[in-house]
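Work through the exercises below with the structure open beside you. Try each task before you read its solution.

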Amino acid sequence: IYLYSYNFNLALMIENAQKELQKARKQIQDLNWQRKNDQLAGGAKLRELESNWVSLVSKNYEIERAIVQLENEVAQMKRQQGDENKENIRQDF
């Protein structure tokens with residue numbers, strides 16, 4: 001009877017340990033799935049932010065180009081105006 005009781009207790013301990021192991025494995029699997037989903041969502045957000053960044057950098061480049069072009073046009077107009085003023089002064093004399 002003692003051996004039977006000992007074996008029965010061992011069987012119960014093994015069964016409980018296996019249940020705990022299954023529970024732990026399920027928790028690990030759930031955690032890994034959650035991490036994977038978080039990483040996928042983070043990757044999508046990162047791609048979106050990178051795309052926005054590229055767009056903003058491109059817009060800044062276009063704005064800088066337009067500024068340089070306008071500055072050149074202003075400088076050219078000032079030169080033309082200066083030339084016209086010189087010509088007017090010469091005509092007055």
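The model is a predicted one.

**Exercise 1. The aromatic pair**

Task: Find how Tyr4 and Phe8 are arranged, and decide whether the pair is stacked, tilted or edge-to-face.

Solution: 
- Start with the count: the structure holds one aromatic pair.
- Tyr4 and Phe8 make up this pair, with 6.4 Å from centre to centre and 25° between the planes.
- Rings pair if their centres lie within 6.5 Å, and planes under 30 degrees apart count as stacked.
- The Tyr4 and Phe8 pair is therefore stacked.
- Now place the residues. Both Tyr4 and Phe8 lie in helix 1, four residues apart, which is about one turn of the helix.
- Last, check exposure. Tyr4 has 61% relative accessibility and counts as exposed, while Phe8 has 44% and counts as partly exposed.

**Exercise 2. A nonpolar patch**

Task: Name the residues that make the nonpolar surface patch of about 610 Å².

Solution: 
- The patch is made by Tyr2, Leu3, Tyr6, Leu10 and Met13.
- Tyr2 lies in helix 1, which covers residues 2-92.
- The relative accessible area of Tyr2 is 69%.
- Exposed means over 50%, so Tyr2 is exposed.

**Exercise 3. Salt bridges along the helix**

Solution: 
- The structure holds four salt bridges. Two are treated first, then one more.
- Glu20 bridges to Lys23, with the closest N and O atoms 3.6 Å apart.
- Lys26 bridges to Asp30, with the closest N and O atoms 3.2 Å apart.
- Lys26, at 47% relative accessibility, is partly exposed. Asp30, at 39%, is partly exposed too.
- Now go further along. Glu62 and Arg65 meet in a salt bridge at 3.7 Å, N to O.
- Glu62 and Arg65 lie three residues apart in helix 1, about one turn.
- Glu62 has a relative accessible area of 41% and is partly exposed. Arg65, at 48%, is also partly exposed.

**Exercise 4. The annotated region**

Task: What feature does UniProt place at residues 7-87, and how much of that stretch is helix?

Solution: 
- The unreviewed UniProt entry gives "coiled-coil region" for residues 7-87.
- Over residues 7-87 the chain is 100% helix and 0% strand.
- The end C-alpha atoms of this stretch are 118 Å apart.

Methods
Residues are numbered from 1 along each chain as its sequence is written. This is a predicted model: local features need pLDDT of at least 70, side-chain atom pairs count only at pLDDT 80 or more; totals for chains, interfaces and linings use all residues. Side-chain values use heavy atoms; hydrogens and water are left out. Patches are made of residues with over 30% relative accessible area and no salt bridge: like charges are joined within 9 Å, nonpolar side chains (Val, Leu, Ile, Met, Phe, Trp, Tyr) within 5 Å. Accessible areas come from the Shrake-Rupley method with a 1.4 Å probe; for residues, only the protein chains shown count as cover. A salt bridge is a side-chain nitrogen of Lys or Arg within 4 Å of a carboxyl oxygen of Asp or Glu. Helices (H or I, at least four residues) and strands (E, at least two) are DSSP runs, numbered from the N terminus. Buried means under 20% relative accessible area, exposed over 50%, partly exposed in between (1.4 Å probe, protein chains only). Rings of Phe, Tyr and Trp (its six-membered ring) pair if their centres lie within 6.5 Å; planes under 30 degrees apart count as stacked, over 60 as edge-to-face and the rest as tilted. UniProt positions are given in the numbering used here, feature names are shortened, and annotations may be inferred rather than shown by experiment.
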